[in-house]
Amino acid sequence: MKKEWPLWEVFIRSKSGLNHKHVGSLHATDAEMATENARDVYTRRNEGVSIWVVESKHITASDPDDSDPLFEPAKDKIYRHPTFYNVPDDVTHM
Amino acid sequence: MTSLNLEENFQSKIDTEIKIEPKDWMPDAYRKTLIRQISQHAHSEIVGMLPEGNWITRAPSLRRKLILLAKVQDEGGHGLYLYSAAETLGADRDELVQQLLTGKAKYSSIFNYPTLNWADIGAIGWLVDGAAIMNQVMLTRTSYGPYARAMVRICKEESFHQRQGYEIMMAMAGGSPEQKAMAQDALNRWWWPSLMMFGPRDSESAHSDQASKWKIKRKSNDELRQQFVDVTVPQAERIGLSVPDPDLKWNEARGHNDFGEIDWDEFWSVVKGNGPCNRQRLQARIKAYEDGAWVREAAMAHAEKKEQRKIEPEAAVKAA
C-alpha cells in the first residue's frame, strides 16, 4: 500500500487584528496533523497567533485566462474612488 | 490565444517584472527548469541537515547545541518550503523524493564533504550558508512567485545561520593556539568547496542563458562568486584567519579581489558522485525514507479510521 499524504494550504494570522494570510502548503494525514505541522514549518519564529489549514483540493481558484472579463467590470468605474469628486480645497474633514 | 502569442505574452510579463503565478500559462521548458532547480534546491536543504546533524550530540555547550538543533530544524523547514513551491508547478512530492533517492536528481555538492571537527560547524555556517545566501538573495527576485516567496522566508532565517557560524569561528580563532589552528584548518578545507557552490564558470554553464532570459537567475555564477569572495575576505582578516589562496589579491582597477583557479577536476568528480561522502549521504537519506515508511502508512491508516468513525460511529464500534 502506498498512498501520499494529502496536501494542505496553510494560512497564518500574524497577530490579533490582522487577517489570515496564505503562507504555503504541506502534507499531513488529517487536519489536526496539518495544524501541528504548520506550527513547526511556518511559525518557528513567532510568525503567528492563529492557523487555518484547508485541504488544497477544496480550494477553487479563478482562471487567469479569464481574468480580463472577470475583473474588467471594475476597471471603468472610477466614480467608485473618492478622488473622482471635485471638492473645494478649503472644505476639510472630507 | 495562439501558442506564439502566449509565449510573447509570457515573456513580456517577465520583461516588465510581473511575477508568474502557478495557474498562469508558461512554456513547458520554464516549468521543467523550475521543477528541476527548485527540487534540487529542496534536496540540498534536506541533505544539508546531515553534515551538521553529525555534531548535535557533540556540541561543546548547551548553548551551541540548542543553536545547532534550531539551525538543522530550519534546514528541514527550508526543504519543505521548497518542495511545496515545486508542487505548485504540478510536481509530485513523492516523485521528487524518489528522484533524490535514486540519484537521478542532484543536490549541492558541498554536502558531500565531511565535517571532521567542531570548527567545521563554524566554517559551514559562515562560508556555506554565506555562499548560499548570495544565491538566495538573488532568488528572492526570481520570476516565479512561489519560489521568490519561499526565498524571502529562507533568507530571513539564513542570516542567523551565517552569524552563528562566524561566531563559532571567531571564538575559536580567539582561543588557544590549538583552537585557532582548528579554525584555520576548517577554513582551508571549506574555502574552495564553498567557491565551487556557485557552479561552473559562466563560459561552461549549460543553463545560464535561458535562465537569465526568464529571470529565474538574475546574476551569473561568476558574478555571485566574485561577490562572495569580496565580502568574505575581510571577514576572515577581521578574526585573524587567512584565506588559503596564494593568488588572492585586491585589484584596484577592477575594484574586486583577483583569486586563484578552482580545481575543476575535483568539482566535476564530486558532481559525478565521487566526493568523500556522496554514498554515505544518499544511504542516510534512503535509510531514513525506508525506516519511516511504516510510520507514514500507519499515520495515514489512523487518519482514515478516525474519519470513518466520524462518519459512521456505530459501524466502527461493531467492526472493532
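**Ground rules.** I number residues from 1 along each chain as its sequence is written, and chains are lettered from A and ligands numbered from 1 in the order in which they are written. Since I am reading a predicted model, local features need pLDDT of at least 70, side-chain atom pairs count only at pLDDT 80 or more, and totals for chains, interfaces and linings use all residues, while side-chain values use heavy atoms, with hydrogens and water left out.

**Chain A, fold.** I looked up the secondary structure and found 2 helices and 3 strands, in the order β-β-α-β-α along the sequence. Here helices (H or I, at least four residues) and strands (E, at least two) are DSSP runs, numbered from the N terminus.

**Chain A, dimensions.** The C-alpha box along the principal axes is roughly 70 × 35 × 15 Å. I also noted that 24% of the 94 residues are buried. My cut-offs are under 20% relative accessible area for buried, over 50% for exposed, and partly exposed in between (1.4 Å probe, protein chains only).

**Core.** Which residues touch the most other members of the largest nonpolar core? Among them are A:Leu26, B:Ile38 and B:Trp190, in a set of 88 residues. Helix 6 (residues 118–139) of chain B gives the largest share, 12 residues. Such a core is a set of buried Ala, Val, Leu, Ile, Met, Phe, Trp, Tyr and Cys residues joined through side-chain atoms within 4.5 Å. Not counting residues up to four places away in sequence, B:Ile38 touches B:Leu82, B:Ala85, B:Ala86, B:Leu89, B:Tyr144 and B:Tyr147; contact means heavy atoms within 4.5 Å.

**B:Thr142.** I found this residue in the loop between helix 6 and helix 7 (145–173) of chain B. B:Thr142 is buried, at 0% relative accessible area. Beyond four places in sequence, its contacts include B:Lys19, B:Lys215 and B:Arg218.

**Positive phi.** B:Lys215 has a phi of about 55°, sits in the loop between helix 9 (208–213) and helix 10 (221–238) of chain B, and counts as buried at 17%. B:Glu17 has a phi near 65° and lies in the loop between helix 1 (3–15) and helix 2 (28–47) of chain B. B:Glu17 is partly exposed, at 45% relative accessible area.
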